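Please read it alongside the sequence and the structure.

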Amino acid sequence: MPESKQKTIPDSGRPDVVAAINARAGGGHAQELAAHITAQFARHGLRAEVCLAASGKDMLTAARRAVRDKVGIVAVGGGDGSVNAVASILIQQEGCESALGVLPLGTLNHFAKDLGIPLLLDDAIANIATGRRIRVDSGEVNGVPFINNSSLGLYPDIVREREKQQARLGRGKWLAFSWAAMGALRRYPFLRVRLRVGGQDHWRRTPFVFIGNNEYLMSGLDIGKRSTLMDGKLSLYVCHRTGRLGLLRLALNALFGRLREAHDFDALTATDILIETHKTRMRVATDGEVTVMQTPLQYRVRPASLEVIVPPLEQPAAPPEAPPGMLAKLWGDD
């Protein structure tokens, strides 16, 4: 790179960015990945301290230290689980002055996609350097934050079995997930739950309950995406008592963007949701991570609880020259 394009980094003891990176994301080349990220931030005049995290604990330690030291940007490189873990530190730290930067190094990257954050690494770094800061909502269950969604029933069971197969049989993530899903469908356990939403009780016997941070689209080609993370509400999706064929029908409706037309499926929105069951403890998934929690489960939304860096607003095109009386019509209201 020509020297004229290299921005000068101010000489300061504190880094501009602390980037906690899942060491497994480099595909066996974690050190090269860290060097590349450092160099790319330097191109934009930012001094980055890259922490290669061998475990989730290491990642959380790096994030806590950065927040304590009042580093302006805490970036996280990994999948949605890693992003949620680091975001949780920023959400729970009172008076946090750090903004979250996302380097999407996972498989699905739902949070990045829903916020329009670039999925290519160098573009994501440029976004952190030049983007704008907004405050988005998060959800929480029994005090545990999540930025995408939480679920009960089939999905936590599948994730738990997948992790067992990966550890015991050495299977890859997707192969283990497929075997775990088939096993869960064979068992096909039901939950009997009472959902308290908006002061009303709803009894359901269901294979799964899904709670989203803001509303997920339920129709068209964009099903499973969110148009905003700033509406200050949770979304609740519950499948009614149905057999395996009913669940397959529900999956097909989802595939073709027709969930709103499904008769065995509830979709509600609320700011808080209480879920009660006869079990005293149950497995709960939050952004793909499964933990065992005490019941009842209290869900609530935390409006504007996380500052995150997203792409800058597009500059409007210059209006064409026109007589003053026509300007408003040509410019429009958008």
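Helices, as the word is used here, are DSSP runs of H or I that span at least four residues, and they are numbered from the N terminus. By that assignment alanine 34 is found in helix H1. The model is a predicted one, and its secondary structure comes to nine helices and 16 strands.

**Overall picture**

- The protein has 334 residues, and buried residues make up 43% of them.
- When contacts between residues at least 6 apart in sequence are considered, 70% of them join residues that are at least 24 apart.

**Helix H1 against helix H5**

- Helix H1, which covers residues 30-43, and helix H5, which covers residues 121-130, have axes that come within 10 Å and cross at roughly 40 degrees.
- The crossing in which H1 passes H5 is right-handed.
- On the H1 side the contact involves Leu33, His36, Ile37, Gln40 and Phe41, which meet Leu121, Asp122, Ile125 and Ile128 on the H5 side.
- Sorted by residue class, the contact of H1 with H5 consists of six nonpolar residues, two polar ones and one charged one.

- Once neighbours within four places in sequence are left aside, alanine 34 is in contact with Val50 and Leu52.
- Alanine 34 and valine 50 are separated by 16 residues in sequence, while their C-alpha atoms are 6.1 Å apart in space.

**Serine 82 in H3**

- Serine 82 is found in helix H3, a helix that covers residues 80-92.
- The relative accessibility of serine 82 is 13%, and therefore serine 82 counts as buried.
- If residues up to four places away in sequence are not counted, serine 82 touches Asn22, Met59 and Val76.

- A search of the whole structure for disulfides finds zero.
- Cysteine 51 has a relative accessibility of 16% and so counts as buried.

Terms used
Residues numbered from 1 in each chain as written. Predicted model: local features only at pLDDT ≥ 70, side-chain atom pairs only at ≥ 80, totals over all residues. Heavy atoms only, no water. Disulfide = S-S within 2.5 Å. Buried < 20%, exposed > 50% of the residue type's maximum accessible area, 1.4 Å probe, protein only. Axes fitted to C-alpha atoms, helices over the stretch in contact; angles between N-to-C directions. Helix = DSSP H or I, 4+ residues; strand = E, 2+ residues; numbered from the N terminus. Left-handed = near helix turned anticlockwise from the far one by under 90°. Contact = heavy atoms within 4.5 Å. Nonpolar A, V, L, I, M, F, W, Y, C, P; charged D, E, K, R; others polar.
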